[in-house]
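Reader: I am new to protein models. Can you show me how to read one, step by step?

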Amino acid sequence: MNQRSRLSLIVTQTLIVSLMLALMGRLFYLQIGAGPKYRDAALSIQSRDIVTPATRGLIVDSSGIPLALNRVGLAVTVDRSVLDRQKDRGKAVLTKTARLLGLKYADVYLQTRLCGELPKTVHAGCWTGTRYQPIPITKDADPGKALQIVERADLYPGIDSRPVAVRNYPGRDGINAAHLLGYVGPLTETDISGTGGSQYYRSESIGKAGLEFQYDSFLRGKPGIRTVIVDREESVTRQAQNIASIPGNHLVTSIDVRLQAAAEGALEDAIMRARADGSRGDAGAAAVLDVKTGRVLALASYPSYDPNIWEKGLTVKQSKDLFSDANGVPALSRALQGLFAPASTFKVVSLVAAANAGYNLDTTYSCPASVKVGNINFQNFESKPQGTISMKHAIAISCDTIWYKIAYDEWLRDGGLSPKKNANDYFYSAARGFQIGKKTGIDLPAESAGRLPDRQWRLDWYKQNQDYFCNYTTRAPKKEQTTFLVALAKENCIDGDKIRGGDAVNFSIGQGDTVVTPLKLAQMYSAIANGGTIWQPTVGKAVITTKGKVIETIKPKILGKLPASKSTLTFLQGALRDVVTAGTAAPAFTGFPIAVSGKTGTAEVFGLNPDGSKKDNTSWFASYGPTENPRYAVVMMVSQGGFGSSVSAVGVRKIYESIFGVVANKVMPGKALFPFGPPTALPRISPTMRVSNP
Amino acid sequence: MSAIISTYSARRRGRRDSFISGLDPILSLAVAGLLIIGTLLVYSATKSWYTSIGLDPQYYLKRHIINISIGGLLALSAMIIDYRLLRAYTPILYGLSVLGLIAVLIPGVGSTVNGARAWISLPGGFQIQPAELAKISIIVGISLVLSERIHDREAPTHPDVIRALAIAAFPILLILLQPDMGTVIIISASVVTMVAVSGAPSRWVAGLLIVALVGGFAAVKVGVLSEYQVKRLQSFVNPSADPQQSGYQLRQSRITIGSGGFLGKGLFTGPQTNGRFVPEQQTDFIFTVAGEELGFVGSSFILLLFLIILLRAFRIARRSQDLFGRLVCAGVIAWFAFQAFENIGMTMGLMPMTGVPLPFLSYGGSSMFANLIGVGLLQNVYARQRP
């Protein structure tokens, strides 16, 4: 052997031994180092979870009447693992089934595709679950046709029919409560990928809105899971585990079905009245709270929709209608998402501000036709001079000019356009004390906070819009370049960062940039009624198991106290009573046998309707009753409804009539809804209710 | 050379007296170990599959054992003929291989599996792969040219090397046409190793290595490789590029091995194997069965057996009494080593996907025959080595 030959052998041997060691190293990494990772990966390749949804818990009213329950429907399901093995991948069978059920093949085809199988653009209606569970194409099949499918299994291979639980909102007493209850629907990718997404199983239905959403973790229960091991052809080789489902818990609410029905009826009635008067009356809301606890007894919003359309299978048109402007966006819950200027209902805040600023409430003030602020004349609402009147009467007849004067004086005292460092800001601090601009904290999703346009807000707003106003002629669209708007922009550009006299004056009568939700106003008036306690409104009262055990009590929570002294509150309560006896709401409550207190509001709205017409006023009535020892706060708002007194106050009266059992101006003792106050004990929930079919 | 040999004392007697005593016992045991493990793995990979489709679950087991038996007989004949006599048959062997390689390219004779036209179908469902037998004829042929020289120099000259390369070039070209890149790479590795061990000028070795690297690079770039092969190479670099095809295979393969852990899931009880998530598991991906069912302990034992075989073969090469024997050994070593590395490396994501079977373990007749003939050649040289 020559040297080169020997050397080559040694080099080759070294190289080959190194290659073998490299394989050994890699093997160590794969099996020991990254072993757990690959074990998990292998498990996810081999195992399939088949999820049996749990029976969802009921939602009941305070006396146990179901608001949401589960009905038995006949589902027709498709087994993809059978269909996919057919020669045409199930086309013929699906076509035949669709024809039998009177459905369109295209719809059925879409419904039975896994979402991952379809391009994102034609996703709508796809199946979010897995291939291994029966995919429902309808949950409400005609029993005769369902039977045909079961009996002629040879004609319908891969198709089955079985009873399933369908979420149902029975609408007892004719209630709708769609916004309050919400709905359930299949999980979306966002639900699964979001925080806490791991708690879900793909085929589960979850609460999507309202109480169904808020209390989903209680209502949903735990689905049963059967894990099977499959091979590459997806045939099951063995069963790994089988866990039975745990039904969801029931939610008891403080809602009363009868009162909810009355509130919805009174609201719709008020809107129809507004329309009959020539107003647009496009939307509205009504709220009834227990002033002693903040519990919600009824919450209505208009326009609404049938809460059962989701489970029936929403058509494309239906889902578009829910959000269409032409229909008034029925999906929006006006009671807690609608933001409106509170107008004169806000004067309760102004009164507290004036009292805190040291104004004597027991003396007289002049109520002229207009007050000059800077070089603008601010008019009284009906431009009628009322002479010199008491503060109480000023509230009762809703005099504006008295507030213009006080607000303007206070504004000047705080430094006017060059504000003092520690300005008193009695009006803003009173509004903050009422928690305007903050959410009420109700146990419903997507509440709007409202807006308190104080100095800081003004400054932030200016920073955002300065460029727009200062370059208005170049930035704004041509049709918005009217003389008035150009002048307004110029003014905003110069001192839009400061509270001007006009802003202060507008603020004192609840106009301008201040907006609140109807629910917020109900919370404020509850606080006035109960002596100053601001409660967090709650709909849920308790969560109880199917066996009746209470597992969660939702206790009322105090959020704060009104910034008003006892005497101020007493004065305010008296004034609010005068509104009903001798003020703006007197016509609406003529002959009403039970003393109630309240305040009307008629808010001017700037801007135009889609058809170009000027927007009508917002009609408000905020109230509580009985005046002595108050228990209920009732607020109604009709957007573009016209006057507060004629539209909303009449509506609120109807709600009180139901509460107190008033028929033809007489109290019928047997007709009162809560002869002993709203129920505090939890109702018994009958197990048969789960499957009852109304 | 003769000077070196003369320094050793007389040859030990009796070596050829008994057949068994003429074998390298450690090499034989290691090969037998791999064959037994391979048989079990092939059975495990196919048992539940054939049961589930209602066929004889021992179908592959039986055929695998038949292949080993035929291979054993071929190994025996490769062993007992004095390899010096083998030289006489070399041209015939070479000619037959080339004819076979041409035949597979003829439509209707050759059949295409996985994009390569590499098989000749025979009646009775048998297939032979001429490229496997070509490996042997190339190794023996080059050994012959490089060791049997007309001149008297210590090392092969340039013309010797050129002649050797010419011998290899023709079959390699034919295999490239199939195209079967894996086999081309392995044969090339063998050729380079043999040229190096022959003591040829180092320029040749360096040059050949450069040609191999540039050739490989150009093949991908210029598109000599079929789309199918480029895809497989790309999926090696980025396994998610083609998740349903070759990328899928590589991913499944790695998961299957990784899920085995330290002790494995136990023979015949690997869920990945029983679920047949790795395609071609009884042939090119047989190592994944070992990875999953025998775990790190069993799989590294297989690697150890390969290492023992290769180290024994190096020992035989060193002790060979002539250059021809040493070159045959070097060729066989490079073949086994690179084929094992390529195959196991592929299953673990270290090497690109080229469809070569794992020596001694994969199911497949031609490959098994060739491997065992290779072992036979090693034993042949051993039996005639200097003491």
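Author: Start with the contact between the chains. This model is predicted. Here the contact takes 44 residues from chain B and 32 residues from chain A.

Reader: Which elements give two or more residues to the side of chain B that touches chain A?

Author: They are α7 (181-197), α10 (246-258), α11 (271-274), α12 (286-319) and α13 (323-347) of chain B. Of these, α12(B) gives the most, with twelve residues.

Reader: How many nonpolar, polar and charged residues are on the side of chain B that touches chain A?

Author: Sort them by class. That side has 23 nonpolar residues, 17 polar ones and four charged ones.

Reader: Now a strand. Is β11 of chain A enclosed or open?

Author: Count neighbours around each residue. With 20 or more other C-beta atoms within 10 Å, a residue is buried. In β11(A), residues 283-290, eight of the eight residues are buried, so the strand is largely enclosed by the rest of the structure.

Reader: Which residues point which way from β11(A)?

Author: A:Ala283, A:Ala285, A:Ala287 and A:Leu289 point one way. A:Gly284, A:Ala286, A:Val288 and A:Asp290 point the other way. Both sets are buried.

Reader: Which strands are joined to β11(A) by bridges?

Author: Eight bridges join β11(A) to β23(A), residues 632-639, and the two run antiparallel. In that pair, A:Ala287 stands opposite A:Val635. Six bridges join β11(A) to β12(A), residues 296-302, again antiparallel. There A:Ala286 stands opposite A:Ala300.

Reader: What lies between β11(A) and β12(A)?

Author: Five residues, and the two strands form a hairpin. Check the turn too: A:Gly294 has a positive phi of about 80°.

Definitions and conventions. Residues numbered from 1 in each chain as written. Chains lettered and ligands numbered in written order. Predicted model: local features only at pLDDT ≥ 70, side-chain atom pairs only at ≥ 80, totals over all residues. Buried ≥ 20, exposed ≤ 12 C-beta atoms within 10 Å, placed from the backbone. Helix = DSSP H or I, 4+ residues; strand = E, 2+ residues; numbered from the N terminus. Pairing = 2+ DSSP bridges. Contact = placed C-beta atoms within 7 Å. Nonpolar A, V, L, I, M, F, W, Y, C, P; charged D, E, K, R; others polar.
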